[in-house]
Amino acid sequence: MVHSRMPADEDLTWGRSTVETACPLDCPDTCSLAISLERGRITKIDHSPRLADTNGFICSKVRRFDRRVYGEERLLYPGSRRGAKGEASFNRIGWDQALETVAGRMRAIRRQFGAEAILPLSYGGSNGLLSQDTTDARLFRSFGTSRLARTVCAAPTTAATAALYGRIAGVANEDYRHARLIVIWGANPSTSGFHLVPHVRQAARDGATVVVIDPRRTALARRADIHLAVRPGTDVVVALAIHRFLFEQGFADEAFLAKWTVNADELRRRAAEWTFERAGAVAEVDPELLEKVAELYAETSPAVIRCGWGLERNRNGGNAALAVLALPAVGGKFGVRGGGYSMSSSGAMPLSKEDWIETVEPDARLVNMNRLGRALTEYDDPPVKMLIVYNCNPLATLPAQNRVLAGLERDDLFTVVFDQVMTDTARWADVVLPATTFLEQYDLAHSYGHGAVQLVQPVIEPAGESRPNVEVFADLAARLGIEIDEQLQSDIGTLMHVAGALPDNAGEELLSRGITRGSAPAAPVQFVDVFPRTPDGRVDLLPAALEQSAPLGLYRFRPEPAPDRYPLALISPASDKTVSSTLGELRTRQVRLQIHPRDAEARDLSTGDVARVFNDEGEIHCAINVNPDVRPGVVSLPKGLWRRDTMNGCTANALVSDELTDLGDGACFNDARVEVTRVVTAELGGRNIAIWTAPATPKRVH
Ligand SMILES: Nc1nc2c(c(=O)[nH]1)N[C@H]1C(S)=C(S)[C@@H](COP(=O)(O)OP(=O)(O)OC[C@H]3O[C@@H](n4cnc5c(=O)[nH]c(N)nc54)[C@H](O)[C@@H]3O)O[C@H]1N2
Ligand SMILES: Nc1nc2c(c(=O)[nH]1)N[C@H]1C(S)=C(S)[C@@H](COP(=O)(O)OP(=O)(O)OC[C@H]3O[C@@H](n4cnc5c(=O)[nH]c(N)nc54)[C@H](O)[C@@H]3O)O[C@H]1N2
Ligand code: SF4
Ligand SMILES: [Mo]
């Protein structure tokens, strides 16, 4: 049975209890949780036994999620802007007034500019199935607003996996212990999905070889047998060099290729030019080490590749994902437990949101969220006059931060932000609306790691006047005269509706057990338990649609511009302090740019120095940390920073352009090129004033 809402705080007869729920944040692990309560207040957030794989431990971020729930930055009431935009100064208003204002604006803008002048913007907020693409989709589709291409993450990798395999489930965490070779490629599970780590360690203890391909020496790279510290954006040629070796040395699994794939010959032809020497020169890795990796991959089985998202976020990211994920097909690695690949397993249980949205999507303007800054400052057919943000913190998380900021500054843009806390974006709102957290509402947590769907239920009363998304969008729809079924006007009703639309009667199991996989196996062997979901059931190694959309075609490498003014590659991978920018309000210290000793020395920089990190897109002022764990030529800042985390209010995304990836129109977060110079500070009138050193060409040290 689904629990009803907990009794109110005042109910003193209600003592201690523990409630089971799940974590729907944007993280592959989707842990089951046990929440301890005392008199209606959370006292502990921990793992629960419901899901074996996450039983035992959860991350420190969610252990302290109560600090967000009860924190000072929590939004408790709707507000309307009082001061200037960006000041975060609001008058408290009631929900009625707030939603009447929003509805009134929507009607007026549609009359004057057309509904496409309204842009709803949402992304992974909490990744729950109810918090987006339910009532919000019905409302915005019916009203005819601009549509959003949700491409900020996983667009290139999804394009590649969908075309190759039709998004089948990956090798489960628990099956990593069966592998004899584990390749962790552009992923950092120790931070971004750490329930995999014990399985990798166990396999290593049992004698498996571990290879890590990453520009940084991550925690797993430190313990790995081989660490290939590639230059960002070069994975496609590294993978092609391995393909060439497999084909030329007779390690390609010809029987598998004949039975299961098409176009292997074309891949063979395109890989032929990538000798270890050539690929090694491009990726700036030792060709002999690369050869060793190719030999290991050719000769070892079961071999599994854990492909992450770090390698997709650059101009070659789609081709990188394609070439990496084609390796198990060419090398014949499928068909055994612990062999194959894992990437996103969100397709394990084939869900279609259209089954519960049930409202036709109009052919309205499609805006790529990675180009938000441009949409706000350049689009004029019609211009974007209203931005409705929920489940997203675009000023912190989208590319071209200065452009996004210029857009939000526009006096003639009406911005609504619906969030749990006063985010960087919320500070720029005209109307701000308070949202419940996953501990105050029903939701369905759908895992892109293990594929299961779990029940999320309210364990405490909503803070202040915060409300769940479905309720607010249903309320707004009613004010706009758009009919929403009664069931979909509450989170619990929407839960029942979505549960009822799950395939294979999975809804029943979900409601009775709190978890379901439908008919999907928990730990499938690829090509034994799960098969390609492509139109002809085969793996197309040269998908025609992708070939046409890629600027140079498939398995091609787009070199970076000559390293003249901006020789350093800036990357911004996931941090253990936040989930994207969520929980950023709890960061206590400003960040430091990580830079290799060689690059620091060439610029006369030492740990603690204040630096200016810049390119033509913008600049960041922050302290540096000299760190041999980033490879030479690469600097790194955490993803998901808030503007207050640096000295000048700019984060990595101020240096990330809105260029799109080769496949899927994704974001190029790990493709910025920058220079770093020292800033001298001096005390003046009791304040620390920065004195810029000229951005001169740094002296070279070899
Ligand atoms: N703690 C925490 N967990 C998270 C998140 C979070 O923000 N914090 N975010 C969640 C989300 S939204 C996602 S999408 C996933 C992402 O999870 P991951 O796939 O682990 O993604 P990243 O951390 O972006 O990058 C992984 C690694 O790729 C490396 N890398 C960067 N550029 C390249 C390159 O060109 N080639 C190669 N080979 N490696 C490269 C980085 O150094 C990093 O170590 O994590 C999820 N889990
Ligand atoms: N530099 C750099 N930037 C990156 C990346 C990178 O690698 N480098 N990675 C990118 C990736 S992988 C991703 S996925 C994106 C994520 O970018 P975003 O989609 O912006 O994700 P978050 O920063 O987590 O912001 C989500 C917001 O939704 C709010 N929220 C959560 N649940 C609810 C709810 O139920 N209702 C409402 N109304 N609000 C809710 C949260 O409080 C939070 O403020 O960031 C990207 N940005
Ligand atoms: S963020 Fe990830 S690791 Fe942390 S509790 Fe949620 S699902 Fe588990
Ligand atoms: Mo992501």
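## Around ligand 3

Sorted by class, the shell around ligand 3 comes out as six nonpolar residues, one polar and one charged. Keep in mind that this is a predicted model. The residues surrounding ligand 3 are Cys23, Cys27, Asp29, Thr30, Cys31, Cys59, Val62 and Phe194. Asp29 is the charged one and Thr30 the polar one, because Asp counts as charged and Thr falls among the polar residues.

## Around ligand 1

Ligand 1 has 36 residues around it, and the ones that come nearest are Ser192, Asp214, Asp235, Trp309 and Thr578.

Now for some polar contacts. An oxygen atom of ligand 1 sits 2.9 Å from a polar backbone atom of Ala574. With Ser575, a nitrogen atom of ligand 1 is 3.0 Å from a polar atom of the backbone. Asn670 uses its side chain instead: an N or O atom there lies 3.4 Å from a nitrogen atom of the ligand.

## Helices H9 and H14

Asp235 turns up again here, as one of the H9 residues in contact with H14. Helix H9 covers residues 235-248 and helix H14 residues 317-331; their axes come within 8 Å and cross at roughly 20°. Angles under 35 degrees count as roughly parallel, so H9 and H14 run roughly parallel to each other. The crossing of H9 past H14 is left-handed.

On the H9 side, the contact is made by Asp235, Val236, Ala239, Leu240, Ile242, His243, Leu246 and Phe247. H14 brings Asn319, Ala320, Ala323, Val324, Ala326, Leu327, Val330 and Gly331. By class, that contact has 12 nonpolar residues, three polar and one charged.

Notes
Residues are numbered from 1 along each chain as its sequence is written. Chains are lettered from A and ligands numbered from 1 in the order in which they are written. This is a predicted model: local features need pLDDT of at least 70, side-chain atom pairs count only at pLDDT 80 or more; totals for chains, interfaces and linings use all residues. Side-chain values use heavy atoms; hydrogens and water are left out. Axes are lines fitted to C-alpha atoms, for helices over the stretch in contact, and angles run from 0 to 180 degrees between N-to-C directions. Helices (H or I, at least four residues) and strands (E, at least two) are DSSP runs, numbered from the N terminus. Angles under 35 degrees count as roughly parallel, over 145 as roughly antiparallel, 65 to 115 as roughly perpendicular and the rest as oblique. A crossing is left-handed if the near helix is turned anticlockwise from the far one by less than a right angle, and right-handed if clockwise. Contact means heavy atoms within 4.5 Å. A residue is near a molecule or strand if one of its heavy atoms lies within 4 Å of it. A polar contact is a pair of N or O atoms within 3.5 Å; within protein, one must be able to donate a hydrogen and the other to accept it, and residues adjacent in sequence count only if both atoms are side-chain atoms.
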